[in-house]
Protein chains: 2
Amino acid sequence: MRIGIGILGGGVVGGTLARKLIIEKDAVAAKSGLELSLVRVAARSADKPRQFPSTLLTTDPNEVVDDPNVALVVELMGGLEPARTLILRALDAGKPVVTANKELLAADGPELFRRAEAKGVSILFEAAVGGGIPIIRPLSESLAGERLTRVMGILNGTTNFILGQMERGASYSEALAEAQRLGYAEADPTADVSGGDAAAKAAILAGLAFGVWLGKDAVYREGIESLDPKDLSFARQLGYAVKLLAVAESTEQGVAARVHPAFIPVEHPLAGVRGAYNAIFIEGPAVGRLFFSGPGAGGEPTATAVLGDIIDAARELLAGVPVVPRVRVGAGQRAESSSISTKWYLRLEVADAPGVLAQVASVFGRHEVSIMSVWQEGRGDDATLILITHDAPEANHRAAAADLATLPVVKQVAATIRVQSDRP
Amino acid sequence: MRIGIGILGGGVVGGTLARKLIIEKDAVAAKSGLELSLVRVAARSADKPRQFPSTLLTTDPNEVVDDPNVALVVELMGGLEPARTLILRALDAGKPVVTANKELLAADGPELFRRAEAKGVSILFEAAVGGGIPIIRPLSESLAGERLTRVMGILNGTTNFILGQMERGASYSEALAEAQRLGYAEADPTADVSGGDAAAKAAILAGLAFGVWLGKDAVYREGIESLDPKDLSFARQLGYAVKLLAVAESTEQGVAARVHPAFIPVEHPLAGVRGAYNAIFIEGPAVGRLFFSGPGAGGEPTATAVLGDIIDAARELLAGVPVVPRVRVGAGQRAESSSISTKWYLRLEVADAPGVLAQVASVFGRHEVSIMSVWQEGRGDDATLILITHDAPEANHRAAAADLATLPVVKQVAATIRVQSDRP
């Protein structure tokens with residue numbers, strides 16, 4: 001049976017998918033028994049060269065959703081609106097939806113899932129997290145019998161590329177410019193470098209792993225914009241790589257997620273994730289630690305993930321009953337990010353006077369943060385104190401850092417970066 | 001709706017699964033909406049302590065399959081018979097089957113799939129390869145739209161543990177004894193150390209990735225029994241780890257799979273896979289290289305993978321139509337393992353006489369194998385020549401090795417080990 005496909009979005013992923021649907025038609029049919037037929041593609045502009053026949057092109061996305069020959073809608077526009085309205089329209093018309101829109105899913109996932117459920121169709125989103133890495137399906141199907149405790153990884157390829165360049169000595173702005181030149185970063189890089197993109201993905205993973213939909217704004221977030229190459233250099237000397245880390249955890253206090261730069265021991269698999277790759281650990285008492293890595297973005301890998309979802313959604317259309325497990329959003333407890341325990345790296349610019357360390361140490365002591373190691377760099381006016389603490393709650397660390405800034409011997413709390421040192 | 005589960009096999013995985021089904025009943029219901037009820041367990045002996053009520057126990061596996069309250073059969077006995085007959089019986093009765101039996105799947109997969117298809121029920125086997133690592137589902141679903149080129153990895157935890165011990169200086173027999181003491185290796189370790197277990201898994205992966213069911217015996221196979229600690233030591237000096245590698249490839253000549261010890265560069269992710277862990281690369285033009293790793297065996301991880309399959313099979317039972325994609329076995333071309341190209345490491349015990357290298361080199365030249373590096377160790381009667389070649393077909397390498405053995409200056413071709421040096 002023939003399934004008509006409509007694509008919203010003619011960008012890199014949309015264009016690659018359109019080409020794949022045309023070129024790989026017979027291969028997909030041989031492998032899945034499905035005849036997928038590309039019917040319509042909505043793109044912003046009608047005059048760019050495209051990877052599909054111009055007869056399929058429209059600039060009005062409603063024409064795609066409403067086309068009676070379109071049985072399945074693929075949303076690859078990104079952003080909240082008009083994507084949200086178009087997806088709901090498709091679901092209301094009984095058309096399954098495949099999307100890679102992490103921003104929308106993080107914000108309105110539960111509403112979309114409820115609507116799909118009510119209309120008896122599926123909404124699939126393997127490509128929303130981890131690009132070409134199959135991570136959504138393992139989380140929601142293969143691990144359905146496990147009580148997961150933590151999902152942790154590198155979810156944004158752009159920042160990973162920039163950090164790699166900075167490790168090799170580039171400044172933040174040089175590294176960003178190089179990422180833009182290679183097409184890894186957009187003209188406005190805010191969503192990537194602020195950690196917003198990774199936070200949306202972390203919120204989705206937390207929702208799937210723990211059944212609690214946090215929304216992007218409940219994810220504690222620090223970006224890489226203000227990282228100082230000095231700290232990357234100290235990291236290397238201390239045996240760490242610096243990565244933009246995303247962590248979603250289920251603890252006794254509840255579910256919490258966070259995205260921030262982190263020191264990671266060089267021998268840790270996450271430290272070895274290069275370029276624009278992504279990598280994810282899934283942890284639970286029964287499965288131990290599962291590790292997934294692969295290309296986190298790019299037209300080909302992402303379009304392949306979308307195509308896998310299209311095949312599943314098409315199978316469901318033909319079966320006439322749900323074949324893909326529905327996401328179940330529960331009403332679990334959220335934890336405050338301030339309750340999370342981590343180690344911290346701190347770089348303090350200090351006066352090189354006797355008793356400095358004693359004063360610094362007493363501030364940590366007062367906030368019940370114990371110090372794992374201290375290292376002084378330089379002398380006189382240029383003295384720098386590097387500290388790494390033991391695990392303690394965020395709130396204690398933050399209070400200690402605030403108090404340190406008020407000490408007369410401390411000129412500046414120049415950097416605070418979390419340390420994720422548990423070895424796999 | 002309540003789904004009655006019957007388990008064949010009361011070993012480590014069967015016992016763990018039985019306990020999980022009882023203890024995690026409410027958690028599974030909350031997550032999946034399914035009420036799974038353990039009805040019957042067949043084990044070999046009736047007098048061992050068990051992780052489930054003794055009232056559920058039987059020593060006759062037919063009682064499990066035939067029990068009208070058992071709607072879904074889980075086969076965890078292993079081996080060809082009686083597992084094969086019991087699975088076919090269950091399928092004939094319209095009962096879906098979940099199995100971890102790689103040996104049976106490698107041998108008779110297509111027959112089992114055909115029977116399941118004919119009866120309109122599913123046979124699922126996520127736990128057959130990679131223990132707790134979700135690998136079957138990503139291969140057959142998420143990557144359904146990709147033309148995969150290679151699947152490569154470490155598929156046997158027992159041998160990986162033994163090789164790790166040998167790297168630390170243990171002899172093969174010491175390492176094996178330690179593996180047996182820790183429960184990683186069985187009293188008869190043949191299936192593991194001969195590469196047979198890994199070959200069955202490689203055959204399954206090749207079938208899923210390329211649609212060609214090779215069967216275990218078509219997988220080229222060398223075990224680790226005759227590895228000399230000397231070669232592990234040379235490997236370390238040259239910057240390699242030695243791993244039991246499984247590779248399934250789709251080339252122009254056809255599909256081929258092989259399992260053998262291999263030199264792997266220490267910076268390669270597979271070189272870092274420790275203890276009884278498994279790891280798998282999946283490669284294709286669109287997705288690039290995906291990497292999965294996790295615990296490759298053990299009761300808890302394996303039972304979790306089985307439970308994920310049970311949930312899918314139960315969903316399908318309730319839906320009344322196929323919800324899990326069927327494995328499609330095609331009639332693709334098989335390639336001879338002799339056509340595969342690899343690099344080789346060779347250790348030759350030679351006479352330390354002038355002109356030895358020239359004679360050795362001319363043998364390689366005659367068989368069109370070029371030498372990448374040569375290294376002489378020792379002098380006089382103890383001279384050893386270590387060579388690493390460039391990529392050349394197996395057939396050429398084998399012929400060169402055979403000719404080398406006939407040279408008067410070569411006392412012994414003491415070791416030949418393949419080198420997998422392509423970096424990810």
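The entries that follow go element by element.

**Ground rules.** I worked on a predicted model, in which local features need pLDDT of at least 70, side-chain atom pairs count only at pLDDT 80 or more, and totals for chains, interfaces and linings use all residues. Residues are numbered from 1 along each chain as its sequence is written, while chains are lettered from A and ligands numbered from 1 in the order in which they are written.

**Helix α2, chain A.** I took helices and strands as DSSP runs (H or I, at least four residues, for helices; E, at least two, for strands), numbered from the N terminus. I called a residue buried if 20 or more other C-beta atoms lie within 10 Å of its own, exposed if 12 or fewer, and partly exposed in between, with C-beta atoms placed from the backbone. Which residues of α2(A) (25-32) are buried? I found Val28(A), Lys31(A) and Ser32(A). The arc is taken from the directions from the helix axis to the C-beta atoms. Asp26(A), Ala29(A) and Ala30(A) are exposed on the other side. I count a contact when two C-beta atoms, placed from the backbone, lie within 7 Å. The buried residues pack against β2 (35-42) and α12 of chain A. Gly33(A) follows the helix with a positive phi, near 75 degrees.

**Helix α11, chain A.** In α11(A) (229-237), I noted Asp231(A), Leu232(A), Phe234(A) and Ala235(A) as buried. Their arc covers only 160 degrees around the axis, which puts them on the same side of α11(A). They pack against α7 (157-167) and several strands of chain A, including β9 (240-251), β13 (341-350) and β17 (410-419). Just after this helix, Gly239(A) has a positive phi of about 90 degrees.

**α1 against α12, chain A.** α1(A) (12-23) and α12(A) (299-319) pack at about 60 degrees, with axes 8 Å apart. I used axes fitted to C-alpha atoms over the stretch in contact, with angles from 0 to 180 degrees between N-to-C directions. The two helices are therefore oblique to each other. The crossing is right-handed. Among the contact residues are Val13(A) and Leu17(A) of α1(A), and Ala303(A) and Val306(A) of α12(A). By class I have six nonpolar, three polar and two charged residues. Here Ala, Val, Leu, Ile, Met, Phe, Trp, Tyr, Cys and Pro count as nonpolar, Asp, Glu, Lys and Arg as charged, and the others, Gly among them, as polar.

**Trp344(A).** I located this residue in β13 of chain A. Leaving out residues up to four places away in sequence, Trp344(A) touches Thr389(A), His397(A), Thr416(A), Arg418(A) and Val419(A). Val247(A) is 97 residues away in sequence and 15 Å away in space, C-alpha to C-alpha.

**Leu348(B).** This one sits in β13 (341-350) of chain B. Its 25 C-beta neighbours inside 10 Å make Leu348(B) buried. Beyond four places in sequence, its contacts include Val360(B), Leu385(B) and Val413(B).

**Chain B on chain A.** How many residues does each chain put into the contact? I counted 45 from chain B and 45 from chain A. On the chain B side, α12(B) gives the most, with 11 residues. That side divides into 23 nonpolar, nine polar and 13 charged residues.

Conventions
Angles under 35 degrees count as roughly parallel, over 145 as roughly antiparallel, 65 to 115 as roughly perpendicular and the rest as oblique. A crossing is left-handed if the near helix is turned anticlockwise from the far one by less than a right angle, and right-handed if clockwise.
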